[in-house]
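Me: I would like to learn how to read the features of a structure one at a time, with the general idea first and the case at hand after it. Could we go through it together?

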Amino acid sequence: MAGVKKPKLAVWKFSSCDGCQLSLLDCELELLAVSEAVEIAYFLEASRKVVKGPYDISLVEGSITTPHDVKAIRDIRKMSKTLVTIGACATSGGIQALRNFTDVKGFIDRVYAHPEYIETLNTSVGIADHVPVDFELRGCPINKQQLLEVLNAFLNGRKPNVPKHSECIECKIRGTSCVSVAKGEACLGPVVQAGCGGLCPAHQRGCFGCFGPMESPNTESMAALLAKQGLDQRDIRRSFRSYNANAPAFRKESEAHDDESH
Amino acid sequence: MTTRVIKVDALARVEGEGSLLVRIKDGVIKDLEFGIFEPPRFFEAFLVGRDYSEVPDITARICGICPIAYEMGSIQAMEDIFGITVPKPIRDLRRLIYCGEWIESHGLHVYLLHAPDFLGLPDALELAKSDKALVEKALRLKKIGNDILEVVGGRAVHPINLKVGGFFSTPRKAKIKALAEDLKWAVETSLATVKLVGGFDFPVLEQDYHFVALRHPDEYAIHEGRVVSNRGLDIPVSQFLDHFDEEHVRHSNALHGIIKDGSGPYKVGPLARYALNYDKLSPLAKQAAKEAGLGPVVRNPFQSIVVRAIELVQACEDALRIVESYEEPDAASVPFEVKAGRDRGSARALLPYL
């Protein structure tokens, strides 16, 4: 509609792999429609055009890992009417949150010849640990259909329809026979939020938790089942300590299987 | 005396985060700093203590745009240690998914990241306002790459179907064959891409590069071969660390690669791969290069967009060939025994760039 000001969309990146913002560009068939519905005001991966804030919607990828990030996310929050985190890093700290369980200094020394050049925080955490977040879209990576749903919802002033039930429901919908029951495969599906479409079990492997904990997960019971399937304490700890290691429910469960000496 | 400073705090249309600082005095560059301020994530450190079977999915997370390169890098390193050689049908599927990643990533790079520079536009979406059909074609081409990733790997970003020894499940024949029609279109579109970007205006600049790339006797190398250079280096991957080093500089979180013999930095990427593997290009890709006015070696960095488009032709053709001859393998993966070991070719993590 001519004369009607389009909502301004901004896409921001912190510590991450770029995969979630790429998911926006991966909306190949819908990308031009999205760009017609909103003004892409800041999206460095796609454009050198920078339109000043405030922004109607900010999509934030990546976790907060540096003193610079801490300041930047506060500025972004101030400039954004709605702030949506996209992906496991922005929501729970991502795979790089594995540093949270150890001393980051050891990590720096292992990787860099000049540790003194490296400026980093002891932890990698999600955006909501620093500023209020309006909606958290899960996934490592996010599901691009869910991203379109979230954009559509906020553009139309409604709540996004993103299910919070477990991955198991998706296997049932897809008609995949349960890899845990039928084959005894370790599968985190019962405690993981839906979103990928039941991908791993459909490919003959157990879920490893890309979408993080579902609403009210019974991780203790999950751990007991994994133990029954032959996983030792170390295996169980690692199962909960991956792409969403710092999500409270998974962090707590992995810590319950820490070595006594630890 | 005039001094000019070019300072870009955050480079646009690149994968990752970078800054650029150039100081020019009387027309001569005095300082040039390309800073990668992408925060450290410490993959090398947190992989310690993980199970071998978890590693490919973890290394995928290094990059969402080229996860296959990192998944395959770690898979091949572990297969070297375990003494695994995968049979041809599995090797073909790996080549196919890699071609899918090239089609997706090269398509993204050529049209969405690089081309706007030559057209004086801020982005490809702006281009869609004047030539919507062209951008739709570009996005369809990119999507065909992603379709391959989804059919073979389960999803486009961080595919879940790859593992040490092969795949978790075998892609069904009908699903693979269904890619053929789109890939025929993709071959034609990639040729049109070479023609389009070959017609851009390129500043004249010839650089005396030390090119380093993989080279394979039977194919345009993507994931296997020896490490070769245009100055006589020719080594197996396992000797990589004997010849190459990485330096940590203050202004960048990305380590600087150098050759240990004192010759310093080296050039990887499309220009290097092309120069060292020109004879392995398909006749069609060679013809496209010739028509775009390229010789067997391109030293003008601005023309990397044309060379990348030629690699796109190669990837589309290779993918189509594999799709057309595809038969489901008897098993999705080969059995193996897990062994402790040290793969000096663990520098394979670097090979995606070669």
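Me: What percentage of the 262 residues in chain A do buried residues make up?

Reply: The model is a predicted one, in which local features need pLDDT of at least 70, side-chain atom pairs count only at pLDDT 80 or more, and totals for chains, interfaces and linings use all residues. Residues are numbered from 1 along each chain as its sequence is written, while chains are lettered from A and ligands numbered from 1 in the order in which they are written. A residue is buried if 20 or more other C-beta atoms lie within 10 Å of its own, exposed if 12 or fewer, and partly exposed in between, with the C-beta atoms placed from the backbone. By that count, buried residues make up 51% of the 262 residues in chain A, and for chain B the share is 45% of 354 residues.

Me: How is the radius of gyration of chain A to be read against the globule rule?

Reply: The radius is taken over C-alpha atoms, and the globule rule is 2.2 Å times the number of residues to the power 0.38. Helices (H or I, at least four residues) and strands (E, at least two) are DSSP runs, numbered from the N terminus. Chain A has 12 helices and five strands; its radius of gyration is 20 Å, close to the 18 Å that the rule gives for 262 residues, so chain A is as compact as a globular protein of that length. Along the principal axes, the C-alpha atoms of chain A fill a box of roughly 65 × 50 × 30 Å.

Me: How many helices and strands are there in chain B?

Reply: Chain B holds 12 helices and 10 strands, and its radius of gyration of 21 Å is close to the 20 Å from the globule rule for 354 residues, so chain B too is as compact as a globular protein of its length. The box filled by the C-alpha atoms of chain B, again along the principal axes, is roughly 70 × 45 × 35 Å.

Me: Which elements of chain A give two or more residues to the side that touches chain B?

Reply: Two residues are in contact if their C-beta atoms, placed from the backbone, lie within 7 Å. On that basis 45 residues of chain A are in contact with 46 residues of chain B, and the elements of chain A that give two or more residues to its side are helix 1 (19-25), helix 2 (31-37), helix 5 (104-111) and helix 9 (199-202). Helix 1 of chain A supplies the largest share, five residues. For the classes, Ala, Val, Leu, Ile, Met, Phe, Trp, Tyr, Cys and Pro count as nonpolar, Asp, Glu, Lys and Arg as charged, and the others, Gly among them, as polar; the side of chain A that touches chain B then divides into 22 nonpolar, 12 polar and 11 charged residues.

Me: Into which domains is chain A divided?

Reply: Domain bounds come from an automatic or database domain assignment, which here divides chain A into domain 1 (8-155) and domain 2 (167-256). The C-alpha centres of these two domains of chain A lie 25 Å apart, and their contact takes 16 residues from domain 1 and 13 residues from domain 2. Helix 4 (residues 88-92) of chain A gives the largest share of the domain 1 side, three residues, and that side has seven nonpolar, eight polar and one charged residues.

Me: Which residues are buried in helix 3 of chain A, and why do they line one face?

Reply: In helix 3 of chain A, the buried residues are Asp69(A), Ile73(A) and Ile76(A). Seen down the helix axis, they fall within an arc of 60° (the arc of the directions from the axis to the C-beta atoms), so they line one face of helix 3 of chain A. What covers them includes strand 1 (8-13), strand 3 (55-61) and strand 4 (80-86) of chain A, whereas on the other side of the helix Pro67(A), Lys71(A), Arg74(A), Asp75(A) and Lys78(A) are exposed.

Me: Is Arg174(A) buried or exposed?

Reply: Arg174(A), which has its place in helix 7 (residues 167-174) of chain A, is exposed because 12 other C-beta atoms lie within 10 Å. Not counting residues up to four places away in sequence, Arg174(A) touches Gly197(A), Gly198(A) and Ala202(A).
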